[in-house]
Protein chains: 2
Amino acid sequence: MDAMTLPERSEHLLGALQRRLGPQAVLVDADVPARNCNDWSASLPNRPRAVIRPVDAAGVADAIITCRKARLPFVPQGGLTGLCRGAAPEPGWVAISLERMVGIEEIDPASATITVKAGTPLETIQKAADEAGFFFPLDLGSRGSCAIGGNLSTNAGGNRVIRYGMTRELVLGLEVVLPDGTVMTSLNKLLKNNAGYDLKHLFIGSEGTLGIITRVVLRLFPKPRSTMAALCALKDYSAVVALLDAARSGLGPLLSAFEVMWPDYWDVITARAGVRPPVGAGHGFYVLVEAQGTDESIDAPRFQSWLEDLMERGLLADAAVAQSLAQTKAFWEVRDICAEFGQVLGPHNAYDIGLAVGRMDEFATRCKADLANGIAGCESVYYGHIGDGNLHLVSWVTGLPIERQPKAEMDAIIYGLVREMGGSVSAEHGIGTLKKQWLGHARSEAEIALMRTLKAALDPDQLLNPGKVI
Amino acid sequence: MDAMTLPERSEHLLGALQRRLGPQAVLVDADVPARNCNDWSASLPNRPRAVIRPVDAAGVADAIITCRKARLPFVPQGGLTGLCRGAAPEPGWVAISLERMVGIEEIDPASATITVKAGTPLETIQKAADEAGFFFPLDLGSRGSCAIGGNLSTNAGGNRVIRYGMTRELVLGLEVVLPDGTVMTSLNKLLKNNAGYDLKHLFIGSEGTLGIITRVVLRLFPKPRSTMAALCALKDYSAVVALLDAARSGLGPLLSAFEVMWPDYWDVITARAGVRPPVGAGHGFYVLVEAQGTDESIDAPRFQSWLEDLMERGLLADAAVAQSLAQTKAFWEVRDICAEFGQVLGPHNAYDIGLAVGRMDEFATRCKADLANGIAGCESVYYGHIGDGNLHLVSWVTGLPIERQPKAEMDAIIYGLVREMGGSVSAEHGIGTLKKQWLGHARSEAEIALMRTLKAALDPDQLLNPGKVI
């Protein structure tokens, strides 16, 4: 083998792996499917040298060792719904896809845990939990496509963070294959386990740069027995903050969502997307408040009287309370329509900002003006999980294709303002490669140096997803 | 300086540090106070070579660099209330104590955060939060003495984990001095921040072996507006598990504590500690259930009717509901009395086990029998935060002083059973040195190897708290 060139050696090693794992497990060059060439970000695809699709952790380890011998960089792939190219391959890389590692391994009612393979779609887990009489609270727009391993790798947020926390808080144990091929099985089911370092948090949120997650133990929760929702219209942002305070103290831990929409968002969805909103236009802000309780007969009247009290106190300009599950769903469509912004707005760039709750409107106002003044024809709309300090915005210049949208100029204006206001360039989407140049706007040199120390300790040869995040 | 011996060099370097930081900041040899020689475990004290007491992170960094130059191992110290010798010095070490780094730096109502110095006692933080109109939920018996930095280092649990999570879940940001003297300031206040690796979780729960935490940003919560408590008597453990299920689904997120006491615990506190319990003796189990709500007028009747329904269904043998805050406190005394077991039982060893909720009673029954059969005169009692999967037990042989208690034999029986039943040798107390030999009972070789990799990456010279945990 020493007489081989490096490409010959790669071909030889991938061929041997294919013989060990089966023909469906290794797809090379032209056989690589389009889906494995990109994520959901608005980027150009890259065809990897090969896609390896193992069915278990031993297969992932075999794939990793093969890549190491061939000196081929490798990237883990789940549902490929990421927005920052964390799971996107570079030319010449190998993709290790978990698409065949799908399924529920165990539901343990006594421990209230579900153990799943890392390639399992989020929605499959939600349904399995529901059928077993439990509730799995992680929920995001890509639920049908995203894989739980990717949810862990990006520490996904979504709609219920205010009540249940981010993905990190829902994980009890995991199995991971390290960059050297070691399988580390740490499928802890215990809520409290202080026996040595908590290793799972190293892999959650590190975007597949420190190991490849292969199995996960997740927490399950009791099913909510009542769901209440209201769409509220308010005069100004100080009323929004007052409503959040009132929701936190008045609804307490029942509060399960607090989604704020700025009026420009409202105008776009009513004028361009044809949504028929439950309250009228012309208000300063719109907030979707949701609470989950344990007893419909007590919780629903209580929610109603909590709202009436706020109305009497003059905090709300208008409010509609959902009278049925169908109405609750309709309220959520107002918020979820942003998943279809591609159709509604045409080509645009999406941002995911972490900010202090109290400064959100200041940011939105300044950002909108700076974009409009700095870039000819630039529009932007604002919305987000405000209860979690997470603002989303999309910006675009009407009529330009995605490759001609002035992304670099938008980035500079938006992330410059984030830095100035002490925010984060990523609240929930991650860094990948697309936000890498802006990481220093949110993290100090000492922090980034420590990230590099950890990466070098686990992956000294820089073969696992190199150049991502840091 | 090259002509100096190592002890001369240490003396010279510590003298220079004292001139820089002030005479109160460096205490050497005989001037080292007794408090810095031990933690709260039943161990013999070790006098360190010196105690350094900086007032800020720069002082901690200076202390660390001094220790490195002198090749002296150093250990961080907070309230020294740990039970596993994580903060206890070995002979010849330097203790870097945070006892002068005490105080609240900021309460930010808009972000619902409190920023504190790491040496601040937990109770000081609870009171400051309360005075500012918030609730800080971390609570444990040593609240008046333990320091928040130590709470982070051990990822402390305590009484409210079932509702608010462990210390880890309450931390948003921290400042830490790394083993090389780098000050890493990561005082994040954002609930969602996925900009790069989440570094704080590396330091939380690693027992001061990866860095010295100097400041902390903690989450604050709305004050509960109602507190309901009941002391329930039950026939058997299956009724306890059914009660836990009923509490989770019926009280939902209001459930704030679920503390179980086995009958031997009950007998000890009534017969020997003189506690007058709110329900009679002779039952199979005793459970303290607590719920925190947002509206006394709705929550209290609801809690009462939830209990009455369980009584009618035959799940409870007896129950007392607290009718006042004083009664709630009296109920908690029944559970908190274990902090005085030293006076009640005499010399004993305390254990802190993580276990699947469903197998707790099987463990307790087998463990009690194995201890009684294996060690002449060995008694044991069982209690714990069962809702979190955390069992405490104490065991002793009456009449023996602590140094003659058969700890090694007890350890072998108890931790052997923990391993067999897939539990953890530490749910909340940590490993330190006292449980180090048992770490392999709860964690795999691959996990321990990764812990060593992390330790070597951050502290290649093994000078920060060496030999602890791993």
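What rotation superposes chain A on chain B?

1. This is a predicted model. A rotation of 180 degrees superposes chain A on chain B, with 0.0 Å of shift along its axis and an RMSD of 0.0 Å. The two copies are thus related as by a two-fold rotation axis.

2. On the interface: 99% of the interface residues of chain A are also interface residues in chain B, so the copies meet through the same surface.

3. The largest nonpolar core holds 244 residues. Those with the most contacts inside it are A:Phe203, A:Leu243 and A:Phe363, together with B:Phe203, B:Leu243 and B:Phe363. Take A:Leu243. Its contacts, leaving aside neighbours within four places in sequence, include A:Cys232, A:Leu234, A:Phe258, A:Trp306 and A:Leu316.

4. Next, the aromatic residues. Over all chains there are 24 aromatic pairs. One of them, B:Trp262 with B:Phe285, is edge-to-face, at 5.1 Å centre to centre and 70 degrees between the planes. B:Trp262 sits in the loop between strand E13 (255–261) and helix H9 (263–271) of chain B, while B:Phe285 belongs to strand E14 (residues 285–293) of chain B, so the pair ties together parts 23 residues apart in sequence. B:Trp262 is buried, at a relative accessible area of 5%. B:Phe285 is buried too, with a relative accessible area of 5%.

5. The rings of B:Phe303 and B:Trp306 have centres 5.8 Å apart and planes at 35 degrees, so this pair is tilted. Both residues lie in helix H10 (residues 296–312) of chain B, 3 residues apart, about one turn of the helix. Both B:Phe303 and B:Trp306 are buried.

6. In chain A, A:Phe135, A:Tyr164 and A:Phe221 make up one aromatic cluster.

Methods. Residues are numbered from 1 along each chain as its sequence is written. Chains are lettered from A and ligands numbered from 1 in the order in which they are written. This is a predicted model: local features need pLDDT of at least 70, side-chain atom pairs count only at pLDDT 80 or more; totals for chains, interfaces and linings use all residues. Side-chain values use heavy atoms; hydrogens and water are left out. Copies are superposed by least squares on the C-alpha atoms of residues with pLDDT of at least 70 in both. Contact means heavy atoms within 4.5 Å. A nonpolar core is a set of buried Ala, Val, Leu, Ile, Met, Phe, Trp, Tyr and Cys residues joined through side-chain atoms within 4.5 Å. Buried means under 20% relative accessible area, exposed over 50%, partly exposed in between (1.4 Å probe, protein chains only). Rings of Phe, Tyr and Trp (its six-membered ring) pair if their centres lie within 6.5 Å; planes under 30 degrees apart count as stacked, over 60 as edge-to-face and the rest as tilted. Helices (H or I, at least four residues) and strands (E, at least two) are DSSP runs, numbered from the N terminus.
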